Amino acid sequence: MNYSEDVKKMTTVTCGAHHGCAPIPEEGKWVNSKQISDISGLTHGIGWCAPQQGACKLTLNVKEGIIEEALIETIGCSGMTHSAAMASEALVGCTLLEALNTDLVCDAINTAMRELFLQIVYGRTQSAFSEDGLTIGAGLEDLGKGTCSQVGTVYSTKAKGPRYLNLAEGYITRIGLDDNSEIIGYEYVNMGKFMEAVKAGENPEKALEACKNHYGRFEDAAKYIDPREE
């Protein structure tokens, strides 16, 4: 260690107020984290790219500083899907510090990694007060049956009004309108369940009907429209 001449001439003063780091909540216990291996927890976070053309929701399950599970969901940029595929291989097995400096290609995923790092090292995780944390696989369970991300896609113009295209429940097939042409409900297909049924050998048309449902006052509508055609 090299010191300047000015520092060498200084009188030594004891740092008496240093009492170590404050504990943070981790998986049902309080931990004085002093190194990366002291960190555990599951958390979610959002990242965005520099031109803000796309976003990434990242879920990490960290055990003793190692990323054991990663769920990467992207939207808004076609290149992000391939970046997400690469990140799924690059992140798991890394320490939190390694993951911060891993080339994840996409800026949105990099930003999400940065935001999650801050949450995790400050003890702001979803599993902070869950004894032993969440098991590996908890991230996948967030997707539910059919393992599809919950995506909302709605398009609207001043001239023609809104078109619900995709909501949390699934792919919108029809919109129900009242006498004033206001939306009062919609019909949707759970795409995850539909694809599972087709994979299992069911007739696609029958599977499609079986995986349809509706929301709101859809059955009371005066008129129904296909949001992609009308």
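Predicted model: local features only at pLDDT ≥ 70, side-chain atom pairs only at ≥ 80, totals over all residues.
## Cysteines, a core and a helix pair

Which cysteine sulfur is closest to that of Cys-106? It belongs to Cys-49, and the two sulfurs are 6.3 Å apart, too far for a bond. A disulfide would need the pair to lie within 2.5 Å.

Cys-15 sits in another setting: Cys-15 is exposed, with a relative accessible area of 69%. The closest cysteine sulfur to that of Cys-15 is in Cys-21, and because 16 Å separates them, they are too far apart for a bond. Searching the whole structure turns up zero disulfides.

Now for the nonpolar interior. In soluble globular proteins, nonpolar side chains tend to be buried together. Here the largest nonpolar core has 25 residues, and Leu-58, Leu-91 and Met-113 are those with the most contacts inside it. At least two residues of this core come from each of β4 (55-63), β5 (66-75), α2 (78-91), α3 (96-100) and α4 (107-121). Helix α4 gives the largest share, seven residues. Apart from this core, there is a second, separate one of seven residues, with Ile-175, Leu-177, Tyr-186 and Tyr-188 included.

Beyond the residues up to four places away in sequence, Met-113 touches Leu-58, Leu-60, Ile-67, Leu-91, Leu-96, Ala-99, Leu-100 and Leu-104.

How do α2 and α4 pack, in angle and in distance between axes? The angle is about 40 degrees, and the axes are 9 Å apart. That angle is why α2 is called oblique to α4. At the contact, α2 brings Met-80, Ser-83, Ala-84, Ala-87 and Leu-91, while α4 brings Ala-108, Ile-109 and Met-113. Sorted by class, the residues of this contact are seven nonpolar, one polar and no charged.

Staying on α4, we come to Phe-117, which is found in that helix. Phe-117 counts as buried, at 16% relative accessibility. Setting aside neighbours within four places in sequence, Phe-117 is in contact with Leu-96 and Leu-100.

Thr-43 itself is found in strand β3 (residues 41-48). Is Thr-43 buried or exposed? It is buried, with a relative accessible area of 3%. Among the residues that Thr-43 touches, not counting those up to four places away in sequence, are Leu-58, Thr-59 and Leu-60, along with Leu-116, Gln-119 and Ile-120. Arg-124, Thr-125 and Gln-126 are also among the contacts of Thr-43. For another distance from this residue, take Lys-206: 163 residues separate it from Thr-43 along the chain, and the C-alpha atoms are 39 Å apart.

Finally, a look at two backbone details. Asp-132 has a positive phi of about 65 degrees although it is not a glycine. Asp-132 is placed in the loop between α4 and α5 (138-141), and at 59% relative accessibility Asp-132 counts as exposed. Ser-181, not a glycine either, has a positive phi of about 65 degrees. Its place is the loop between β8 (170-177) and β9 (183-189). With a relative accessibility of 52%, Ser-181 counts as exposed, since the cut-off for that label is over 50%.

Methods: Residues numbered from 1 in each chain as written. Heavy atoms only, no water. Core = buried A, V, L, I, M, F, W, Y, C linked by side-chain atoms within 4.5 Å. Buried < 20%, exposed > 50% of the residue type's maximum accessible area, 1.4 Å probe, protein only. Helix = DSSP H or I, 4+ residues; strand = E, 2+ residues; numbered from the N terminus. Contact = heavy atoms within 4.5 Å. Axes fitted to C-alpha atoms, helices over the stretch in contact; angles between N-to-C directions. Parallel < 35°, antiparallel > 145°, perpendicular 65-115°, else oblique. Nonpolar A, V, L, I, M, F, W, Y, C, P; charged D, E, K, R; others polar.
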